[in-house]
Amino acid sequence: MPRGQKVRKIPVRICVGCQEARPKKELIRIVRTPEGEVVLDPTGKKSGRGAYVCPSLDCLEKAWKGKHLERALKAPIPPELAETLREAVRNLPVPGRSRGG
Ligand SMILES: [Zn+2]
């Protein structure tokens, strides 16, 4: 049996909404920049303290209303960010939903 490829461990992160571990790339990253600003990080490359949430409005609401996001980032979340995040979730390609489209 050829064994060319090793099984690579995928980095997982905990969603601050549902508290479930998911592959990092499936999650939305929200970051508190060194300047203390809380922003969406679509690239996942911004420096700062990050928090992760599933790309679902449900998790977003949970993270938001339960103050999990705030606690994870140790910073107040600007109200306008909620809208930004909702937009981001809506615009994300949902795997499996529009296959072959
Ligand atoms: Zn979640």
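In which helix is the place of Asp58? In this predicted model, Asp58 belongs to helix 1. Asp58 has 11 C-beta neighbours inside 10 Å and therefore counts as exposed, since the limit for that class is 12 or fewer. The C-alpha atom of Asp58 is separated by 8.7 Å from that of Cys18, a residue 40 positions away along the chain.

The chain as a whole contains 5 strands and 3 helices. Along the sequence, these elements follow the pattern β-β-β-β-β-α-α-α. Of the 101 residues in the chain, 22% are buried. Among contacts with a separation of 6 or more, 53% are between residues 24 or more positions apart.

The largest nonpolar core comprises 17 residues. Within this core, the residues with the most contacts are Cys15, Val16, Ile30, Tyr52, Val53 and Ala63. At least two core residues come from each of strand 3 (28-32), strand 5 (49-53) and helix 1 (57-65). Helix 1 makes the greatest contribution, supplying 4 residues. In soluble globular proteins, nonpolar side chains tend to be buried together.

The surroundings of Ala63 were examined with its neighbours within four places in sequence left aside. On this basis, Ala63 is in contact with Val16, Gly17, Val53, His68 and Leu69. Val16 and Val53 are also listed, together with Ala63, among the residues with the most contacts inside the core.

Note on methods:
Residues numbered from 1 in each chain as written. Predicted model: local features only at pLDDT ≥ 70, side-chain atom pairs only at ≥ 80, totals over all residues. Core = buried A, V, L, I, M, F, W, Y, C linked by C-beta atoms within 7 Å. Buried ≥ 20, exposed ≤ 12 C-beta atoms within 10 Å, placed from the backbone. Contact = placed C-beta atoms within 7 Å.
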